[in-house]
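Take a look at the fold first, then follow the charged side chains. The paragraphs below go from the whole chain down to single pairs.

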Amino acid sequence: MTTPNISARRTLGACAALVVGALTLTACGGRANAKNDDKGGEGGTKTSVAKIAISAKDGSTGASINSTGVKVSDGKLTDVKMTVAGSGQVVEGSVSGDGKVWKPKEQLERGTKYQISATAKDADGRTAAANSIFTTVTTSNSFIGTYTPDNGTTVGVGMPVSFTFDKAITDRKAVQSHITVTSSSGQQVVGHWFNGQRLDFRPQEYWKAGSKVTMKIDLDGVEGANGVYGVQKKTVTFTVGRSQVSTVDVNTQTMTVVRDGKTLKTIPISAGSPEHTTYNGQMVISEKFVQTRMNSRTVGLGGEYDIPDVPHAMRLTTSGTFIHGNYWYNKGNPPFGRQGTSHGCVGLADVQGAGGSTPAKWFYDNSLIGDVVIVKNSPDKTVAPDNGLNGWNMAWSQWTADSAS
């Protein structure tokens with residue numbers, strides 16, 4: 001086609017101005033009724049006004065594993081199909097009641113390529129379609145925090161909120177600011193970084209009994225380190241149960257169990273021997289096992305013991321301190337409550353098989369994850385705050401000083 005010269009275009013423009021009244025008679029005249037095009041009126045293109053938006057753009061990488069979905073405006077979704085690209089594995093999902101939003105049923109996998117095909121109709125029944133092939137954020141470019149306690153649990157008054165991240169966090173302020181922990185008790189809750197991968201939250205004093213604690217995690221897309229982004233977005237709630245604090249006195253070899261300010265029971269115990277003393281300090285029960293194996297080699301000792309069925313074991317430190325039942329106690333030793341003979345744990349009288357009615361079983365049955373066990377008058381040092389969930393052994397001034405808030 002030959003392009004008209006400038007003077008010719010000007011001439012045509014002038015002629016058009018002179019015959020504006022007759023435009024509807026010309027071939028180009030249909031464009032004078034552009035409004036009818038949008039509505040699909042007579043002479044229009046009848047294009048659907050429904051607009052589909054897929055949150056993960058076609059060809060994108062680093063897509064969210066939480067917020068990927070489909071929305072439509074000026075219409076309703078009629079079909080959405082999401083599959084794992086290549087394998088064709090279907091990703092289950094559902095459309096909202098108003099037909100406007102589709103979301104996957106489960107969190108997507110990291111580092112995976114997906115395909116979404118969506119169709120919708122507007123009020124006049126005209127169809128629109130959209131497609132996207134994208135890849136979610138990879139494991140190497142993202143981080144996840146494993147946390148405790150779990151959603152819906154009931155815990156003791158000493159239970160902190162504790163995160164362990166799978167990668168070192170360099171922008172601690174960015175990460176901490178996207179995790180909020182609040183209590184129905186109104187207690188101030190502050191986060192403390194022990195290192196680049198561990199962040200704990202607690203109030204100045206133990207949680208108030210019966211309070212509800214809410215943790216909001218909004219880390220999706222937050223850059224925790226150079227080029228490394230968070231992928232978690234959820235709300236976790238847990239309940240603080242009754243207040244139970246048990247005090248082990250190594251001088252008297254007894255443990256006094258106090259619940260809601262009243263003494264329930266005083267139990268004879270056997271703490272660490274003079275060669276293997278028990279830590280002092282406030283320790284929080286972090287795990288419970290009806291029976292578990294204990295091997296001295298796993299805690300840096302020689303082959304001094306390997307017991308496959310230690311009953312009623314409750315962990316107090318990461319390094320291996322437990323309060324547990326003891327059925328192998330040497331009958332030649334003084335009875336429980338007279339002498340420390342353990343390798344640093346706190347032992348209670350028990351029977352093999354974790355059955356019967358014993359002091360160890362009673363304490364196990366009456367303890368929650370998050371209950372506090374305080375050891376005093378031991379010749380050993382105070383347990384390190386990061387050895388287990390034991391941040392209560394750190395002064396509040398230091399705790400808040402190492403916060404990134």
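**Charged pairs in a predicted model**

D365 counts as partly exposed, at 48% relative accessibility. The classes used here are buried (under 20% relative accessible area), exposed (over 50%) and partly exposed (in between), with a 1.4 Å probe and protein chains only. The model is predicted, so local features need pLDDT of at least 70 and side-chain atom pairs count only at pLDDT 80 or more, while totals for chains, interfaces and linings use all residues. Residues are numbered from 1 along each chain as its sequence is written, and side-chain values use heavy atoms, with hydrogens and water left out.

D365 has a partner. K361 forms a salt bridge with D365, and the closest N and O atoms are 2.7 Å apart. A salt bridge here is a side-chain nitrogen of Lys or Arg within 4 Å of a carboxyl oxygen of Asp or Glu. Both residues sit in helix α4 (residues 359-365), 4 residues apart, so about one helical turn separates them. K361 is partly exposed, with a relative accessible area of 26%.

Now step back to the whole protein. It holds 5 helices and 27 strands. These are DSSP runs numbered from the N terminus: helices are H or I with at least four residues, strands are E with at least two. Of the 405 residues, 42% count as buried. The protein exposes about 20700 Å², and carbon and sulfur atoms supply 50% of that area. Accessible areas come from the Shrake-Rupley method with a 1.4 Å probe; for residues, only the protein chains shown count as cover. Contacts (heavy atoms within 4.5 Å) also deserve a look. Among those between residues at least 6 apart in sequence, 63% join residues at least 24 apart.

Back to the charges. Side chains of opposite charge can pair when their charged atoms come close. The salt bridge count comes to 9. One of them joins D74 and K51, with the closest N and O atoms 4.0 Å apart. D74 lies in the loop between β2 (70-73) and β3 (76-84), and K51 in strand β1 (residues 51-54), so the pair ties together parts that are 23 residues apart in sequence. D74 is partly exposed at 46% relative accessible area. K51 is exposed at 51%.

Which residues join D124 in a network of salt bridges? D122 and R126 are linked with D124 in that network. The side chains of R126 and D124 meet at 3.2 Å, N to O. R126 counts as buried, at 15% relative accessibility. D124 counts as exposed, at 59%.
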